[in-house]
Amino acid sequence: MTNRIAIVTGAARGIGLATTKLFLEDNWRVAMVDRDEAELQKASDELPGTLPIYCDVSSPDMVQEMVAKVLSAFGRIDALINNAGVAIFKPLEKTDFDAWRTVMATNLDGVFLCTQAVIPALKESRGCVVNIGSISAVRASTLRVAYGTSKAAVVHLTKQLAVELGEYGVRVNCVSPGPVKTKLAEAVHSPEIIKAYYDAIPLNRSATELDIAETVVFLCSPKASYITGQMIAVDGGFASSGIGLPALRASKE
Ligand code: NDP
């Protein structure tokens, strides 16, 4: 059978790298896209069946070139995983317009640009898109005026795209992780905040990159062939919990 082809953005590390590895285990081939060229090359060198492509997903020209390279190397595209993301956590007064635009450019514009560029190929393959949102899309919190808003927009964009592309057999879904220990998370969370998170997560731990990757690869499989326009939170129950969980745990009753 012809290998299916996935594009994974932000694939040099973290959730994107774990997703790449899981696709390979499932006999997909993967175009690994990232703006960290050195790390991307290193990661791809260790993973036969991958094609590293240096690309900033917020640049319309680079995105067009990236998709052309994938099609010239593999001839088809079956899945796009819009995973590349950046986080700037600041209060509103300290979020200047540059910071706002930096977050929107990758987290929202990047999803729009990459998806638009692969649509002809996905219509041909009746493929799918998985966007990586965040639990910050559904739970407002401090310091996330740009990040949380960008991710909420990604959840809505997922629905827009699913509605528009359904008639072509193209499915579009979103996976929203709770906290995962990656470079991105370590840059914005202190160890105290990370501990506070775990206290508020019913499953009492952070997600692993593999927890997220498993859901992404499932959504791209025939097992998910009737699922579109959905956001699945992979968050240990974080979005379902209200106040009082640490007190409940401490209680002996
Ligand atoms: P990492 O920082 O570990 O990996 C993200 C990769 O994407 C990095 O290599 C990064 O490069 C790259 N990247 C960033 N911007 C661009 C761009 N414009 N073009 C191409 N590549 C880019 O992050 P995670 O694995 O943690 O995050 C992956 C996704 O998961 C993100 O969308 C994030 O918002 C989301 N997420 C993560 C959570 C977490 O707790 N980790 C929780 C909820 C959601 P560079 O290092 O140069 O920035």
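Predicted model: local features only at pLDDT ≥ 70, side-chain atom pairs only at ≥ 80, totals over all residues.
Residues are numbered from 1 along each chain as its sequence is written, and side-chain values use heavy atoms, with hydrogens and water left out.

Helices are DSSP runs (H or I, at least four residues) numbered from the N terminus. Two packed helices are described by the angle between their axes and the distance between the axes. Axes are lines fitted to C-alpha atoms over the stretch in contact, and angles run from 0 to 180 degrees between N-to-C directions.

Back to H1 (residues 14-25) and H8 (residues 209-219): their axes sit 8 Å apart, at an angle of about 55 degrees. That makes H1 oblique to H8, since angles under 35 degrees count as roughly parallel, over 145 as roughly antiparallel, 65 to 115 as roughly perpendicular and the rest as oblique. On the H1 side, the residues in contact (heavy atoms within 4.5 Å) include Ile15, Leu22 and Phe23, which meet residues of H8, among them Leu210, Ile212 and Val216. By class, this contact of H1 with H8 has nine nonpolar, two polar and two charged residues; Ala, Val, Leu, Ile, Met, Phe, Trp, Tyr, Cys and Pro count as nonpolar, Asp, Glu, Lys and Arg as charged, and the others, Gly among them, as polar.

Next come H4 (residues 97-125) and H5 (residues 145-165), whose axes come within 8 Å and cross at roughly 15 degrees. That makes H4 roughly parallel to H5. Trp100, Met104 and Phe112 are among the H4 residues in the contact, and Tyr147, Leu157 and Leu161 are among those of H5. The class count for H4 with H5 is 15 nonpolar, four polar and one charged. H4 passes H5 in a right-handed crossing.

H4 also packs with H3 (residues 60-74), at an angle of about 35 degrees and with the axes 9 Å apart. Here H3 brings residues including Pro60, Met66 and Leu71, while H4 brings Leu113, Cys114, Ala117, Val118 and Ala121. The contact of H3 with H4 divides into 10 nonpolar, one polar and no charged residues. The crossing of H3 and H4 is right-handed.

Note on methods:
Helix = DSSP H or I, 4+ residues; strand = E, 2+ residues; numbered from the N terminus. Left-handed = near helix turned anticlockwise from the far one by under 90°.
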